[in-house]
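User: I would like to learn how to read a model like this one, feature by feature. Please start with a single residue and work up.

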Amino acid sequence: MKGKVLQLLRDHSNEYISGEKISQALSISRTMVWKYIDALRKEGYDIIAVSNKGYLLKGEVDSLSEHGIQARLDERSIFRNVVYQPVLESTQQLAQQLLQEKEKNGQGTIVIANEQTGGRGRLGRDWHSPKNTGVWMSIILYPKLDIRQTPQLTLLTAVAVVRAIEKITELDVHIKWPNDILINKKKVAGILTELQADPDRVKSVIIGIGLNVNQTSFPEEIKDIATSIAIEGNKGYKRIDLIEAILFEFQWLYEVYLSKGFSFIKPLWEARTTTLGKRITATTPRDVITGVADRMDDDGVLLLKDDEGVIHRIYSADIKILHD
Amino acid sequence: MLKIQEIRELINLIDQSSIEEFKFEQNGSKVTIRKQLKSQLKNQVETTRVVAAPPTMNVNEQGDIQQVAVNEVSNQKEETKEAAVKGNENYHAITSPMVGTFYVAPSPDSAPYVAVGDKVKEDSVVCIVEAMKLMNEIESEIKGEIVEVLVENGQLVEYGQELFLVKPE
């Protein structure tokens, strides 16, 4: 019966179908309809319910698996090792553990979870990562880079994620310095990178990507600042398509970066940023500085010109774009 | 007179260029920026065994900036002095491998990675330096005891800046 409910929803993929209609068509009670809808949602089907309209299947089951991800990577991929877990505290945490087990994490290991119970952002902030909804992924790399160049990788990753979303959707996607991904001024993806290094040498880099794909709502405290590509695109998307696109974009950008340097990546970043030229407030642990985001230098540092004309070099801050 | 930010900007630009010396004069103020070549410094570094330090500025009483040494390795004398101040013991300094924001803990609500008196091993994480959302987990690199935390949480640290003093074991 659950399958029949799903079939009906699929047959009405462009319009809402009321609970009453489903109940009549299948000769089951409204309560049973609701129960099946609920069960399908728990399996990961993205079904929205709007009062007076009914149900709409926005996203089909999009279950992730190790072999499913492997199947999307061709023989040229640098991502040779896929680790998939249904539930993790965070993919960054498992990636950190894998670093200790050398044999399990060759160059280009990726860790993906269907759900994170303790997904985190900068400074230990929570990253809401419910099951079946987003791309929660960490990439382990061992780049031969000077430590001082490594922040550039976070900008490169932002370009890769934007290009991937543009490839799969028709949406306008922007970067807020350094690497928040925004659609309609709301955050759709965040990137957090952790570096392990000796004083003179990079040992490993773990790039964490959280991309909101099929969420239809967000908790109260972030609903005004967070969005998903399903909300913005008004339909569901397959996470596996986005994972494939992100890894593809990341790989070629990374290879070009290693051979040609940041000068190739920087204009791609600049072309997609909404920060430069805007009046912004940068909140650093020590200061709150308001001014115009003048430019980004070759290391990725944001140059913020305050009202006295003084240029501040911003290495880390919460950026708020004013009068946007 | 140039603002300190503008001078920083200049240092960065010159540092990345092949310019060895730069002079600027305006309304009686003079700025001279001179790079020391690595080769000239190499011997000194090997004998003093001091890690890199941030660029220094010497400003005389007239406010003229006489010299700004810009190099990956500079300022050995002052570092030696600082170590001497700490007494006779030979403390090891943990330095920052990049410019960024210094954090004592992984999040504002967490306990610091280390405090004065804590024992550390070579691979103990002692702090984070952040730039562009890249969190660099700085390891002690030496076994010993933390005797001093030289910078404050949230402070911007320079490349080569000393962060902790460790009494080696």
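Analyst: Start with Phe218(A), which sits in the loop between β9 and α7 (229-233) of chain A. Helices (H or I, at least four residues) and strands (E, at least two) are DSSP runs numbered from the N terminus. The model is predicted, so to speak of local features pLDDT must be at least 70, and side-chain atom pairs count only at pLDDT 80 or more, while totals for chains, interfaces and linings use all residues. Residues are numbered from 1 along each chain as its sequence is written, chains are lettered from A and ligands numbered from 1 in the order in which they are written, and side-chain values use heavy atoms, with hydrogens and water left out.

User: Does Phe218(A) count as buried or exposed?

Analyst: Buried means under 20% relative accessible area, exposed over 50%, and partly exposed in between (1.4 Å probe, protein chains only). Phe218(A) has 11% relative accessibility and therefore counts as buried. Its C-alpha atom is 9.9 Å from that of Pro130(A), although 88 residues separate the two along the chain.

User: Which backbone angles deserve a look?

Analyst: Most residues other than glycine have a negative phi, and most peptide bonds are trans. In chain A, Asn184(A) has a positive phi near 50°, and Asn234(A) has one of about 60°. Asn184(A) lies in the loop between β7 and β8, and Asn234(A) in the loop between α7 and α8 (239-260). Asn184(A) counts as exposed because its relative accessibility is 58%; for Asn234(A) the value is 59%, so this residue is exposed as well.

User: Where is there a cis peptide bond?

Analyst: It joins Trp177(A) and Pro178(A), with omega about -5°. Pro178(A) belongs to the loop between β6 (174-176) and β7 of chain A.

User: How do I check a helix, say α6(A)?

Analyst: Compare its length with the expected span, 1.5 Å times one less than its number of residues. Helix α6 (residues 151-168) of chain A has 18 residues and should span 26 Å; its end C-alpha atoms are 27 Å apart, which agrees. As for cover, 14 of the 18 residues of α6(A) are buried.

User: What domains does chain A have?

Analyst: Domain bounds come from an automatic or database domain assignment. For chain A this gives domain 1 (2-59), domain 2 (66-270) and domain 3 (279-321). The C-alpha centres of domain 1 and domain 3 of chain A are 49 Å apart.

User: What lines the second largest pocket?

Analyst: Rolling a probe the size of a water molecule over the atoms shows where empty space is left. On a 1 Å grid over the protein atoms alone, a pocket is an open set of points where a 1.4 Å probe fits, with protein on both sides within 12 Å along at least five of seven lines; lining residues have an atom within 4 Å of a point. Here 42 residues line the second largest pocket, and Arg125(A), Trp127(A), Asp180(A), Lys187(A) and Ile225(A) lie nearest its centre. β8(A) gives the largest share of that lining, 5 residues. Domain 2 (66-270) and domain 3 (279-321) of chain A both contribute lining residues, so the pocket lies between them.

User: And what about its volume?

Analyst: A volume is the space filled by probe spheres set on the points, which are joined across faces, edges and corners. For the second largest pocket it is about 1,100 Å³.
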